[in-house]
Amino acid sequence: MARKSKSQELEQPEFVTDIPDVLPVLPLKDAVLFPYIILPLSVRRDKSLVTIERALAEHRLILLVSQRDPTDDDPDGDGLYSVGTAAAIMRMLKLPDGRTRILVQGLARARLEHIGQTEPFLQGKIRVLEEVEVGDKRALSAQALTRSLKENLDRVVNLGRGISPEVMVIASNLDDPGRLADLAASNLEIKVDEGQQVLEISDPIRRLEKVNELLSREVQVLTMQQEISSQARGEMDRSQREYYLRQQLKAIRDELGEGDELADDIEEYRRAASEKKLPKIAIEELERQIRRLERSHPESAETSVLRTYLDWLTGLPWNTHSPDNLDLDHARRILDEDHFDLEKIKERILEYLAVRQLNPDSRGPILCLVGPPGVGKTSLGRSIARALGREFVRISLGGVRDEAEIRGHRRTYVGALPGRILQGIHQAGTSNPVFMLDEIDKLGADFRGDPSSALLEVLDPEHNSTFSDHFLGIPYDLSQVMFITTANLLDPIQPAFLDRLEVLRLTGYTEDEKQQIAKRHLIPKQTTAHGIDGKNVAFTRPGISRLICAYTKEAGLRNLEREIAALCRKVAVRVARGESRQLRVTPKQIERLLGPAKFHVEELLSHDRVGIATGLAWTAAGGDLLFIEAVATPGKGELLLTGQLGKVMRESAQAALSYARVYAAQQAAGTQSHGRDGSFFAQHNIHIHVPAGSIPKDGPSAGITMATAIISVLTGRPVNRRLAMTGEITLRGDILPIGGLKEKIMAARLAGVETLLLPKLNQRDLVEVPEPIKKGLTFKFADHVREVLDHALLPD
């Protein structure tokens, strides 16, 4: 821990109320903090960092105590002085080199009674030390000592001691003897033990006397130092000698014809600015920084910072734009070459090109491609750039937590650079690339800021024409950039952020679509990558189908491509051994080469059963069948749920059971009681189980399936095994719409379901499901559970 600059005095912070009697303890190596004094500190020790984080998490208060031995990196209670200062942490900043800087203000003297905790940080019981009253009897003495101290402070400043004018103004207006003594002591370069002696004096008069003594000694030392300086004034100091030698070196270089390197660099900066047609504000900033560079020492740290800034300022493509290829037929051809299907996305790109033809000044859309992993979101962005004839830039935002990653670091920090947005523009070399922001749903936030909030300016068409990067310091126009974002889920995205995006959903691929993509893209890509061709291997349609259904289970294509690559490696081994016979990839060959099937398609029940209903679920890998089992056991009407169900699914089960109770009461009151009266649920417990218990399950869409299974047990009527259903249930028995319709229909078709029962409100969504997926299925729609029971329950 080291003191970084002169301290100043302010009033007590407004957020501080009472000082607790137990505080985290932060040892100081070479500094003493006094009450009401603000002091910046640099922290590096791990235990000290934990202490600061604990203090910030609670009341921002901490006890600062000086160490007896500054070389001790892990002091305990015996290694600390008994009196310190209770302080408030006003600000914290983490530096790129691993250090942490904090700004603290002293509040009151405090005695460290004992250390109550040493790990993972020091914490101790303290007692605040009250100031001794001066009283009327000692008022004259206090006044005399106060005047003497102020006069000594003036002498010290006149003799060259660097005390800021602000501190001198505060001291001249300060009449409190104790605070004046503390202010003077904090601005003297005294040893830690001397400062500690001052801190431990609670009597203001005695403290004034001690500080006056130190000031008098300082006056004597500075007077002697000034006399020594005057005697050696005729000698050339080191900086003057260096300047003289550098001037000589410059003259020698001119004689040798090497020229002035700095002048050449400045001329290069101005030439680059002229070629790239920098805007007026950028040229003014360029000239301002060049003037600073000319006045700076060539070897100084500031020169390096200025050169880095000028390199970035002149390296950005301010008015460089790549021309758009607005040919709609060309764009359609490129998109069809790279991707199969995805009609909505392709239509949106063609619409953008058509608008650009009619209005060249129109702003680019900000698209958000949402879908499960492996469906081609990132590659689609690359295809859009190729179709438009623009450069393509991609940055991944997964796990980014620092706002500076977006807006850049201020130039006051060592190693500062622009944010990743301007870095991407610099990499592209044009101001209108296709810029992909990948994984925006995985952005984080912490004390360093919220990157999502920083991206609001980047992705707002009304504001991004004047985007301000902290490093650059002047506006940069991002309005011509076509931003494309990707995400797996929309829920984690900040609402204000999501409001700026045009969401386009990419659902999972069907088996037929995967067949086509494998033939057109994946197989040619992998055979070329493995050095083989059609003479060595031939993929049959049944073989590809077997590979899709039995060896992959995903919405996208990544695992399918891996399995094709595995087969290509097997073929490559055969070819490398000299075998020339073509290998036909059939289902039998796949099992011989890749081993047994890794996944099995869910199959329907062998016969209709009481208490087992077939539901449908959406998963990240597509859709799946969900068998809901219900049994009744003697009991008191309790509900038991197993199968690792989530909170929403458990609530759906409660709603389904409540409806079943109402249904039983209505049936008992009517003519069809099915042999069960209204007391059935009072005398039986209901156990609902969803198989595959190791897999977490959640969501409301299994509500009608659970209700059907319970009522099947109630009535003793079996459930139609060839009918699958999905829908959310209410206590009134109404059926609400669900999502993931395409994936659920795919799962039902693959399992051999004949009839699919859906919420009536989802009937309009069926239009968007491709016809090949719906082929062979009968669709029934219901808006109440009674309609579901009519279709699902078979006669006794």
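**View 1. Glu285, at 10% relative accessibility, counts as buried, and its salt-bridge partner is Arg288.** This is a predicted model, and here we zoom in on helix H9, residues 280–295. The closest N and O atoms of Glu285 and Arg288 are 2.3 Å apart. The two residues sit 3 places from each other in H9, so about one helical turn separates them. In general, an α-helix has 3.6 residues a turn, so residues three or four places apart point the same way.

**View 2. Arg356 and Asp324 make a salt bridge.** Here the closest N and O atoms are 2.9 Å apart. Arg356 belongs to helix H12 (residues 343–358), while Asp324 is in the loop between helices H10 and H11, so the pair ties together parts that are 32 residues apart in sequence. Both ends are tucked away: Arg356 is buried at 11% relative accessible area, and Asp324 is buried at 19%.

**View 3. Lys344 and Glu768 join up through their side chains in a salt bridge.** The N to O distance is 3.7 Å. Lys344 is in helix H12 and Glu768 is in the loop between S25 and helix H26, so this pair links parts 424 residues apart in sequence. Lys344 and Glu768 are both exposed.

**View 4. Seven strands line up in an open sheet with mixed pairing.** Reading across, the order is S20-S21-S19-S18-S22-S25-S26. Strands S20 (639–642) and S26 (778–782) are the edges, each pairing on one side only. From one strand to the next, the twist averages 30°. S25 (residues 755–759) runs parallel to S26, with 5 bridges between them, and Leu758 stands opposite Phe781 of S26. Helix H25 (residues 741–751) packs on the sheet, touching S18, S19, S25 and S26, and its direction makes about 75° with that of S19.

**View 5. Ser479 sits in the loop between strands S13 (475–476) and S14 (482–487).** At 10% relative accessibility, Ser479 counts as buried. Its side chain makes a polar contact with the side chain of Asp477, at 2.6 Å. Leaving out residues up to four places away in sequence, Ser479 touches Arg363, Gly364, Asn464 and Ser465.

**View 6. Helix H5 (residues 192–199) is largely enclosed by the rest of the structure, because 6 of its 8 residues are buried.** Those buried residues are Val192, Glu194, Gly195, Gln196, Val198 and Leu199.

Methods: Residues numbered from 1 in each chain as written. Predicted model: local features only at pLDDT ≥ 70, side-chain atom pairs only at ≥ 80, totals over all residues. Heavy atoms only, no water. Buried < 20%, exposed > 50% of the residue type's maximum accessible area, 1.4 Å probe, protein only. Helix = DSSP H or I, 4+ residues; strand = E, 2+ residues; numbered from the N terminus. Polar contact = N/O pair within 3.5 Å; in protein donor to acceptor, adjacent residues only side chain to side chain. Contact = heavy atoms within 4.5 Å. Pairing = 2+ DSSP bridges. Axes fitted to C-alpha atoms, helices over the stretch in contact; angles between N-to-C directions. Salt bridge = Lys/Arg side-chain N within 4 Å of Asp/Glu carboxyl O.
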